[in-house]
Amino acid sequence: MNFSASSLFASIIFSILGLYVFREGKKRADMRLVCIGLALMLYTYLTANAWLDWAIGVGLLALAYRLY
């Protein structure tokens, strides 16, 4: 695991946004948003680089925005 400041900041930001997307998905009964929210909360534990954290997070948020 990578514990750089950028990686930790990305983890905090995308986990908070993932929680919001997850709750909105549950409220709307949209399983796609629920899955994206879960992915946003959990993917940073599996990535090795800070730039990869940011790239995947922005991609998942763009997908959630498109489905929202």
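The buried residues of helix 3 pack against helix 1 and helix 2. This is a predicted model. Its largest nonpolar core has nine residues, and the elements that each give two or more residues to this core are helix 1, helix 2 and helix 3.

**Helix 3**

- Helix 3 runs over residues 50-67 and has 18 residues.
- From its first C-alpha to its last, helix 3 reaches 26 Å, close to the 26 Å expected at 1.5 Å a residue.
- A50, D53, G57, L60 and A64 are the buried residues of helix 3.
- These buried residues line one face of helix 3, because they fall within an arc of 100° when seen down the helix axis.
- On the face turned away from that buried side, helix 3 carries the exposed residues W51 and R66.

**The nonpolar core**

- The nine residues of the largest nonpolar core are A10, F14, V21, L33, I36, L40, Y43, L60 and A64.
- In soluble globular proteins, nonpolar side chains tend to be buried together.
- L60 belongs to this core and is also one of the buried residues of helix 3.
- Apart from neighbours within four places in sequence, L60 is in contact with I36, A39, L40 and Y43.
- Among these contacts of L60, I36, L40 and Y43 are listed in the core as well.

**Helix 1**

- Helix 1 covers residues 5-28.
- The 24 residues of helix 1 should span 34 Å at 1.5 Å a residue, and its end C-alpha atoms are 35 Å apart, which agrees.
- The buried residues in helix 1 are S7, A10, S11, F14, G18, V21, F22, E24 and G25.
- Helix 2 and helix 3 are included in what covers the buried residues of helix 1.
- A5 lies in helix 1 and counts as exposed because its relative accessibility is 63%, where exposed means over 50%.
- Between A5 and D30 there are 34 Å in space, C-alpha to C-alpha, and the two are 25 residues apart in sequence.

**The loop after helix 1**

- A29 follows helix 1 and is found in the loop between helix 1 and helix 2.
- Helix 2 covers residues 31-42.
- The phi of A29 is near 60°, a positive value in a residue other than glycine.
- Most residues other than glycine have a negative phi.
- A29 has a relative accessible area of 71%, so A29 is exposed.

Conventions. Residues are numbered from 1 along each chain as its sequence is written. This is a predicted model: local features need pLDDT of at least 70, side-chain atom pairs count only at pLDDT 80 or more; totals for chains, interfaces and linings use all residues. Side-chain values use heavy atoms; hydrogens and water are left out. A nonpolar core is a set of buried Ala, Val, Leu, Ile, Met, Phe, Trp, Tyr and Cys residues joined through side-chain atoms within 4.5 Å. Buried means under 20% relative accessible area, exposed over 50%, partly exposed in between (1.4 Å probe, protein chains only). Helices (H or I, at least four residues) and strands (E, at least two) are DSSP runs, numbered from the N terminus. Contact means heavy atoms within 4.5 Å. The expected span of a helix is 1.5 Å times one less than its number of residues. The arc is that of the directions from the helix axis to the C-beta atoms.
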